[in-house]
Amino acid sequence: MGECGLSAERVSAMFGKRTVVRDVSLAFQPRQLHAVVGPPQSGKSTFLRTLNRMHELTVGAWMTGQVRLDGREVYAPDVDPAALRRRVGMVLPQASVLPGLDVRGNVAAALPHGLDRARQAQEVERALVRAGVWEEVKDRLAADPRRLGEGLRQRLCLARALAAGPDVLLLDEPTAAIDPGSGFKFEEALYALRNELCLVLVTHDPRQAARIADTTTFLWLGAVVESAPSRQFFTRPVEARTEAWLTGRSA
Amino acid sequence: MSRPVDRIGPALLGAALLAGLLPGVLALWGISTRGLSAFGAVDWGALAPAILGTALLTLGACLFAVPLGVAAGLYLAEYPHTRLARISRFVGDVLGGTPSIVIGVFVWGWLVTATGRFSGWSGSVALALVLLPLVMRVTEAGVLAVPVSLREAPLVLGWPRWRATLSVTLRAGLPGLSIALLIAVARVAGQAAPLLFTALGNPYLSADLREPMAALPLTVFADGSAPGAAAQDRAWAAALLLVLIAALLGIAARAVARREEARDG
């Protein structure tokens with residue numbers, strides 16, 4: 001697990017005639033956290049959604065270019081999008097718990113079929129531990145997850161995504177809708193997970209990327225402006241536009 | 001201090017609301033007073049076939065229309081821009097806008113003449129054709145009211161789309177859908193026109209859907225225009241029963257809504 005080779009080659013993404021991602025080429029390394037940053041409406045989330053074929057579910061959405069997982073084109077006709085999404089998992093911006101399922105059931109819903117009860121309980125616990133949420137929910141496994149706080153719910157969604165056993169985890173503004181304290185706990189979990197998985201984090205907050213990302217890519221109006229190891233990106237940006245955005249001199 | 005126009009606006013809206021409600025309140029008052037006095041005088045044995053018939057015809061219509069309409073509504077919501085969805089939506093709109101008596105005539109020409117007899121089944125089919133576009137629309141609206149993030153949550157786990165739709169989207173939309181369905185069923189239960197050429201009516205108690213079948217709206221129509229106090233009593237009692245059925249289904253819908261509100265905190 002965790003040995004991914006995910007790459008995007010000249011990916012452009014459109015909604016009808018409107019192009020929101022332009023010619024983006026990026027490669028994501030295993031056991032690294034790669035951040036994609038940029039202002040709102042810069043095409044970050046749309047680009048992320050092309051990587052696990054969620055983009056195509058939006059009416060009128062289409063794309064060009066190639067996305068490869070372990071050298072294999074994920075848009076090939078014989079690739080099952082559902083099977084792809086089990087390998088390339090995703091955490092959405094809103095903490096959406098599955099209705100009618102308790103805390104345990106929400107995590108177990110991502111597990112493969114056919115596990116016996118003991119193995120299922122073991123896997124649920126493992127996913128909750130990896131998401132850094134076990135201590136907070138271990139006594140509430142049978143509770144309605146809608147009763148949990150928003151931040152805890154989002155980390156439950158992280159645990160659910162991990163339970164599916166992905167090699168790559170895409171994170172679409174996962175802390176945008178939660179309070180800063182919960183956001184830091186989420187970041188701590190991601191920081192630990194980067195030793196296991198290939199993580200691609202979309203965020204509008206450059207400070208978050210500076211805190212936890214190994215490499216950072218800056219997207220502006222759908223195109224890559226700069227991509228570099230985070231230390232270099234945040235201390236010695238090459239592009240004037242990157243520096244302007246990081247220092248707050250442009251919207 | 002609020003300006004006069006700020007007070008006049010709500011007052012005008014309130015007056016318009018009262019004016020709109022007034023005819024309905026008067027109708028309900030009239031039906032209730034006449035119906036309640038008819039309840040004491042009516043021969044319930046003569047009304048029993050219509051009560052049983054309405055229950056069976058409505059149940060039959062639901063058996064036809066609800067599974068089909070829910071499936072069609074799910075398709076419309078999940079695949080809104082396919083050619084099949086566009087055609088289905090157009091057909092649904094046409095069917096929904098067709099006067100129910102025309103649907104009755106259509107089912108008469110299609111089923112009654114083919115089988116050579118009026119029957120409860122053909123009445124149920126006619127009611128189902130009235131109910132179907134309503135169910136399609138409320139299902140589509142109910143599914144579209146489910147937040148996109150919730151609809152996508154199972155998809156990003158690698159669930160196939162059909163499983164995500166049935167297990168999560170439909171489940172999340174079920175409370176709203178149940179309410180809309182109950183209201184739709186109440187509307188259809190009171191339809192007389194689709195039954196005139198199909199179920200026809202039957203003075204005898206019968207649960208055999210292959211035979212002509214009585215129904216409360218048919219009783220209102222036939223006995224309401226018939227001479228004699230007994231027939232008039234049956235018509236008023238049947239009318240009040242239809243109002244009570246609609247009220248009961250409305251109360252059930254509100255109970256479902258309240259339960260869901262309580263659950264969501």
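The structure is a predicted model, in which local features need pLDDT of at least 70 and side-chain atom pairs count only at pLDDT 80 or more, while totals for chains, interfaces and linings use all residues; side-chain values use heavy atoms, with hydrogens and water left out. Residues are numbered from 1 along each chain as its sequence is written, and chains are lettered from A and ligands numbered from 1 in the order in which they are written.

Buried means under 20% relative accessible area, exposed over 50%, and partly exposed in between, with a 1.4 Å probe and protein chains only. C198(A) is buried, at a relative accessible area of 0%. C157(A) also counts as buried, at 7%, and so does C62(B), at 19%.

Nonpolar side chains tend to be buried together in soluble globular proteins. A nonpolar core is here a set of buried Ala, Val, Leu, Ile, Met, Phe, Trp, Tyr and Cys residues joined through side-chain atoms within 4.5 Å. The largest has 52 residues, and those that touch the most other members are V107(A), L128(A), V137(A), L158(A), L169(A), L171(A) and L190(A). Helix α6 of chain A, residues 150-163, gives the most to this core, with 7 residues. Helices (H or I, at least four residues) and strands (E, at least two) are DSSP runs, numbered from the N terminus. Apart from this core lies another, of 36 residues, including A61(B), C62(B), V70(B) and I103(B).

Contact means heavy atoms within 4.5 Å. Residues up to four places away in sequence aside, L158(A) touches V91(A), A131(A), L169(A), L171(A), F186(A), A189(A), L190(A) and L193(A).

C157(A) is placed in helix α6 of chain A. Beyond its neighbours within four places in sequence, C157(A) is in contact with V91(A), A95(A) and S96(A). Between C157(A) and S96(A) there are 61 residues of separation in sequence and 7.3 Å in space, C-alpha to C-alpha.

On a 1 Å grid over the protein atoms alone, a cavity is a set of points where a 1.4 Å probe fits but cannot get out, and a pocket is an open set with protein on both sides within 12 Å along at least five of seven lines; lining residues have an atom within 4 Å of a point. Grid points are joined across faces, edges and corners, and a volume is the space filled by probe spheres set on the points.

The whole structure holds 2 cavities of 30 Å³ or more. The largest cavity has a volume of about 70 Å³, and its lining includes C157(A), S96(A), V156(B) and L157(B). α6(A) gives the most to this lining, with 3 residues. The second largest cavity has about 30 Å³ of space. Helix α2 of chain B, residues 44-78, provides the largest share of its lining, 3 residues.

The second largest pocket has a volume of about 540 Å³. Of its 25 lining residues, Q41(A), G43(A), K44(A), S45(A) and T46(A) lie nearest its centre. The elements that give two or more residues to this lining are β2 (18-28) and α1 (44-51) of chain A, together with α6 (148-152) of chain B.
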